[in-house]
Amino acid sequence: MTEPSRTQSNASRYLFVLIAGLLVGIVATVMAMRAIQARQDPFPNSLMNVMARQSQLLGDSRKQNRCSINDSTPRLQTLRLLSNDMDLAFPGLRDDTRFQQHASRFRATLNDALASPPADCTALAAITEQLGNDCKACHQDFR
């Protein structure tokens, strides 16, 4: 007596094609995302990230009760230097009067803070609050 011949299932072939298709799709997606990313200018986001980090460090100093002039002045100076590059980071907004007003207000706040650096946590809190308000006002108009 002979055993009946087994018919081979096509399920393994379909599974292989499905996995191969998924892998090709993932590779194509990654390549497309890299191409899109390569065309974008990283400078605006980088500038905003560094400025946000410096502001966060000012806030952290206040929370840790490290509010002396020596603790806050370097952060304020860094923010002031970075604020000079806002026009370069956003060339499309260079001629916008609202953007220029926001940038000027931010720079003026930093100039005032550097002219009379905060010597205690109360003064530092007032400065960080004003800087946060300046940032928030600009982001509400241009984000």
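**Interior packing and the cysteines**

A: Setting aside residues up to four places away in sequence, Leu 131 touches Leu 58, Leu 76, Leu 79, Phe 106, Thr 109 and Leu 110, contact meaning heavy atoms within 4.5 Å. The model is predicted, with local features requiring pLDDT of at least 70 and side-chain atom pairs pLDDT 80 or more, while totals for chains, interfaces and linings use all residues. Residues are numbered from 1 along each chain as its sequence is written, and side-chain values use heavy atoms, leaving out hydrogens and water.

Leu 131 also belongs to the largest nonpolar core, which has 18 residues; Met 51, Leu 76, Met 86 and Leu 131 have the most contacts inside it. Such a core is a set of buried Ala, Val, Leu, Ile, Met, Phe, Trp, Tyr and Cys residues joined through side-chain atoms within 4.5 Å. At least two residues of this core come from each of α2, α3, α4, α5 and α6. Helix α5 supplies the largest share, 5 residues. Helices here are DSSP runs (H or I, at least four residues), numbered from the N terminus.

Helix α3 itself (residues 69-83) comprises 15 residues and spans 20 Å from first C-alpha to last, close to the expected 21 Å at 1.5 Å a residue. That expectation is 1.5 Å times one less than the number of residues.

The whole structure contains 1 disulfide, defined as a pair of cysteine sulfur atoms within 2.5 Å. Cys 67 and Cys 121 form it, with their sulfur atoms 1.9 Å apart. The pair joins distant parts of the chain, 54 residues apart: Cys 67 lies in the loop between α2 and α3, and Cys 121 in helix α6. The torsion about their S-S bond is about 90 degrees, so the disulfide is right-handed. Cys 67 counts as buried because its relative accessibility is 6%.

Cys 135 has its closest cysteine sulfur in Cys 138, at 7.9 Å, too far for a bond. Cys 138 is buried, with a relative accessible area of 15%, while Cys 135 is partly exposed at 27%.

Terms used:
Buried < 20%, exposed > 50% of the residue type's maximum accessible area, 1.4 Å probe, protein only.
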